[in-house]
Amino acid sequence: MCAFLQKVDNVIENIMKIILPTLITLIAILMTLQVILRYCLHMPMQSVEELILVPSLWLYFLGSIQATRKESHMNARLLEIYTNKLSHIAIIRSLSALGGVIISSWLTYWAYDLLKYSLRMKKTSMVLGFRLTIVECMPFICFALMTVYMFFELIRYYKMARQTPELKGEI
């Protein structure tokens with residue numbers, strides 16, 4: 001089972017290596033095009049804001065998935081300052097990961113409601129007329145994947161907390 005999850009994680013990593021730079025490049029191109037058209041040629045393109053909305057939101061949410069996946073998200077490890085024992089640090093980190101799993105599960109539930117609403121209402125953008133479901137599905141995908149990655153982080157820290165500090169001292 002672990003080998004399968006590792007393969008899935010490798011696939012997600014390869015997809016992220018392609019999608020994230022593509023999205024940031026697309027946003028830069030669209031913004032440059034908007035600046036050139038608006039300020040140099042005095043012909044503003046009215047729909048660039050809607051065009052930038054989709055890759056910007058996808059970039060934001062996919063970046064948060066990537067940060068959770070690599071555990072490079074922001075942490076305030078203030079309680080760890082007061083202890084030197086690695087087992088206590090692992091317990092604190094596992095409690096933090098448990099809080100993250102609970103909160104992201106709750107947000108996943110809300111995002112699922114948003115996705116159901118979006119599929120039912122079939123809203124479209126104002127100028128270009130594309131379905132907003134491509135934007136409103138992203139919170140559900142993001143929070144679901146973040147919950148999975150935080151759950152694996154919780155398991156890892158829980159295993160570290162159960163080990164004796166003399167055997168495994170690296171956190």
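Is Glu49 buried, partly exposed or exposed, and what is its relative accessible area? Glu49 is partly exposed, with a relative accessible area of 45%; here buried means under 20% relative accessible area, exposed over 50%, and partly exposed in between (1.4 Å probe, protein chains only).

The model is predicted, so local features need pLDDT of at least 70 and side-chain atom pairs count only at pLDDT 80 or more, whereas totals for chains, interfaces and linings use all residues. Residues are numbered from 1 along each chain as its sequence is written, and side-chain values use heavy atoms, with hydrogens and water left out.

The structure holds seven salt bridges, a salt bridge being a side-chain nitrogen of Lys or Arg within 4 Å of a carboxyl oxygen of Asp or Glu. Three of these pairs are tabulated.

| Pair | N to O distance |
|---|---|
| Lys17 and Glu13 | 3.7 Å |
| Arg38 and Glu49 | 3.8 Å |
| Lys123 and Glu136 | 2.9 Å |

The side chains of Arg38 and Glu49 meet in a salt bridge. This pair links distant parts of the chain, with Arg38 in helix H1 and Glu49 in helix H2, eleven residues apart; helices are DSSP runs (H or I, at least four residues), numbered from the N terminus. Arg38 is partly exposed at 30% relative accessible area.

Lys123 forms a salt bridge with Glu136. Lys123 lies in the loop between H3 and helix H4 (133–136) and Glu136 in helix H4, so the pair ties together parts 13 residues apart in sequence. Glu136 is buried, with a relative accessible area of 12%, while Lys123 is partly exposed at 29%.

Key. Helix = DSSP H or I, 4+ residues; strand = E, 2+ residues; numbered from the N terminus.
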